[in-house]
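Biologist: I'd like to learn how to read aromatic rings in a model. Can you walk me through it with an example?

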Amino acid sequence: MENKKSFGAYIKAKRAESNLTQKEFADILYVTESAVSKWERGLSYPDITLIMEISRVLNVSERELLTASEDMQTRQQERLANRYLSLIKKIKITLIFLYVVPIITCFIVNLAVSGALTWFFIVLSSVMVAASLTLLPVYIEKKRGLITLGAFTGTLIILLGVCAVYTGGNWFWVTVISVVFGLSVLFTPFVLRGFNLPSPLFKHKAALSMGIDTVLLFLMLFVIDLYVKGGWFLTTAVPIAAFWLLLPWGYTLIIRYTKINRFFKTAGCMALSSATLYFMRGLTDMILGLPYTFGFDFDFSVWNINTVNGNIDAILIFTMFGLAIIFAAAGVMRQLQKTGRS
């Protein structure tokens, strides 16, 4: 503590600010009035066990009491924290008001006009979607991102289901699997990071994420095939999708699992992209049962409707293949430098 006189003066000033007499202050602390008088005159210190209770009664922090001075930085932080909490409370009330008013209004109007609740459920489910993104995160403290994403996905599916029922459409499952697939591609890596996965799975989050996306992609194609009654899922969709999945799966395996320097990894990705583009047209035509040839025709001296696609493909393939060579050379140089230093 500081010297007894400054400490006593501080106690006296704070007691006066709290509109307490020495006797009232002493009664609250279960000490004698004489003891309080001695503190304030700088003749003695209070027992250490009373510090917390004195701080509470005088509405000061223990740090302020022990140093007999105002902790302005802490008080400023407390004021800012209180302002923030007050702002959050106002935002909560405002958002609730903004959502409740249209729900009540549409409920009344729908009953008055139609004599039954029909399109009101579309409004209700739409408000639920909006609330999941704006109101819900304000109330959540732990795992806010995961819970918000889950609530948004769930309420969006409810909205699609209500719209399907209202319109009498049979497109619900096609839309749901498409939405889930799109959200999975965007958010699965972040979702997996938020879970306490077992050690083997934790080490392979990239492959697990790709596996989930792959399963959802094939499921989406299967549902679409059922919806349009096309019969092309096994004969066309699966082989074409499997071919194109070689590219992202290849990127994942090269970047995540190969123990080579980043220049070699980049070279591998460029080479894979070049090879995929080279076989793209021929393999697609073969799967579709059309006449096919691997490779492409190009003529940079002629740019018309017959040559433009081949010319663009050639530019892309040559560029990626050239970059693969450049990065491979850089990787060799980097490896030689490491070997020389070692």
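Biologist: Which residues do ring pairs link into a cluster?

Modeller: Keep in mind that this model is predicted. Ring pairs join Phe107, Phe120 and Phe121 into a cluster.

Biologist: And how many aromatic pairs does the structure hold?

Modeller: There are nine aromatic pairs. Take Phe25 and Trp39: their rings are edge-to-face, with 6.5 Å centre to centre and 80 degrees between the planes. This pair links distant parts of the chain, as Phe25 belongs to helix H2 (residues 22–29) and Trp39 to helix H3 (residues 33–40), 14 residues apart.

Biologist: Are Phe25 and Trp39 buried or exposed?

Modeller: Both Phe25 and Trp39 are buried. Now look at Phe172 and Trp173, another edge-to-face pair, at 5.0 Å centre to centre and 70 degrees between the planes.

Biologist: Why does Phe172 count as buried, and why does Trp173 count as exposed?

Modeller: For this you need the cut-offs: buried means under 20% relative accessible area, and exposed means over 50%. Phe172 has 18% relative accessibility, so Phe172 counts as buried. Trp173 has 61%, so Trp173 counts as exposed.

Biologist: What about charges and rings? Where does the charged end of Lys92 sit?

Modeller: Over the ring of Tyr139, 4.5 Å from the ring's centre.

Biologist: And which residue lies over the face of Tyr257?

Modeller: That's Arg256, at 5.4 Å from the ring centre of Tyr257.

Note on methods:
Residues are numbered from 1 along each chain as its sequence is written. This is a predicted model: local features need pLDDT of at least 70, side-chain atom pairs count only at pLDDT 80 or more; totals for chains, interfaces and linings use all residues. Side-chain values use heavy atoms; hydrogens and water are left out. Rings of Phe, Tyr and Trp (its six-membered ring) pair if their centres lie within 6.5 Å; planes under 30 degrees apart count as stacked, over 60 as edge-to-face and the rest as tilted. Helices (H or I, at least four residues) and strands (E, at least two) are DSSP runs, numbered from the N terminus. Buried means under 20% relative accessible area, exposed over 50%, partly exposed in between (1.4 Å probe, protein chains only). A charge sits over a ring if NZ of Lys or CZ of Arg is within 6 Å of the ring centre and within 35 degrees of the ring normal.
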